[in-house]
Amino acid sequence: MHLTQTTLPLHTQHQHQYLELAHSLRNHTELQRAWATIGRTHLDIYDHCQSRDALLQAQAAFEKSLAIVDEELEGGQTPPRFLPPELR
């Protein structure tokens, strides 16, 4: 992902819309993915401008993503690639 000052607001806006949609659907897998994506965006911002705030936001988003894995997803769902072909 290549972020610029002009595309950054659009990226974060879309990612937060994705997060809101996943939340409204109560879809824990998509919530986890949304938080991980938001974290990755903030990590890219940090790589670009060395902003401590961006690094802290990335860390917070990754921690939320991992908490969802621990609390909601761990062992609760079988990834599609492990399902028998007739169930995919």
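Me: What is the relative accessibility of Arg 40?
Reply: The model is predicted: local features need pLDDT of at least 70, side-chain atom pairs count only at pLDDT 80 or more, and totals for chains, interfaces and linings use all residues. Residues are numbered from 1 along each chain as its sequence is written, and side-chain values use heavy atoms, with hydrogens and water left out. A residue is buried under 20% relative accessible area, exposed over 50% and partly exposed in between (1.4 Å probe, protein chains only). Arg 40 counts as partly exposed, its relative accessibility being 41%.

Me: With which residue does Arg 40 form a salt bridge?
Reply: A salt bridge is a side-chain nitrogen of Lys or Arg within 4 Å of a carboxyl oxygen of Asp or Glu. With the closest N and O atoms 3.2 Å apart, the partner is Asp 44.

Me: How many salt bridges does the count give?
Reply: Besides the pair of Asp 44 and Arg 40, the side chains of Arg 33 and Glu 30 meet at 2.7 Å, N to O. Arg 33 and Glu 30 are three residues apart in helix H2 (residues 28-49); Arg 33 is partly exposed at 43%, and Glu 30 is partly exposed at 22%. An α-helix has 3.6 residues a turn, so residues three or four places apart point the same way. The count of salt bridges comes to two.

Me: What pattern does the chain follow along the sequence?
Reply: Helices (H or I, at least four residues) and strands (E, at least two) are DSSP runs, numbered from the N terminus. The chain has three helices and zero strands. Read along the sequence, its pattern is α-α-α.

Me: What arc do the buried residues of H1 cover around the axis?
Reply: Leu 8, Thr 12, Gln 15, Leu 19 and Ala 22 are the buried residues of H1. They lie on the same side of H1, because their arc, taken from the directions from the helix axis to the C-beta atoms, is only 85 degrees.

Me: Which helix is included in what covers the buried residues of H3?
Reply: The buried residues of H3 are Ala 54, Ala 58, Ala 61, Ser 65, Ile 68 and Leu 73. On the other side of H3, Arg 52, Leu 66, Asp 70 and Glu 71 are exposed. Contact means heavy atoms within 4.5 Å, and what covers the buried residues of H3 includes H2.

Me: Which residues does Ala 34 touch, not counting residues up to four places away in sequence?
Reply: Ala 34 is one of the residues of the largest nonpolar core. Setting aside residues up to four places away in sequence, Ala 34 touches Tyr 18 and Leu 19.

Conventions. Core = buried A, V, L, I, M, F, W, Y, C linked by side-chain atoms within 4.5 Å.
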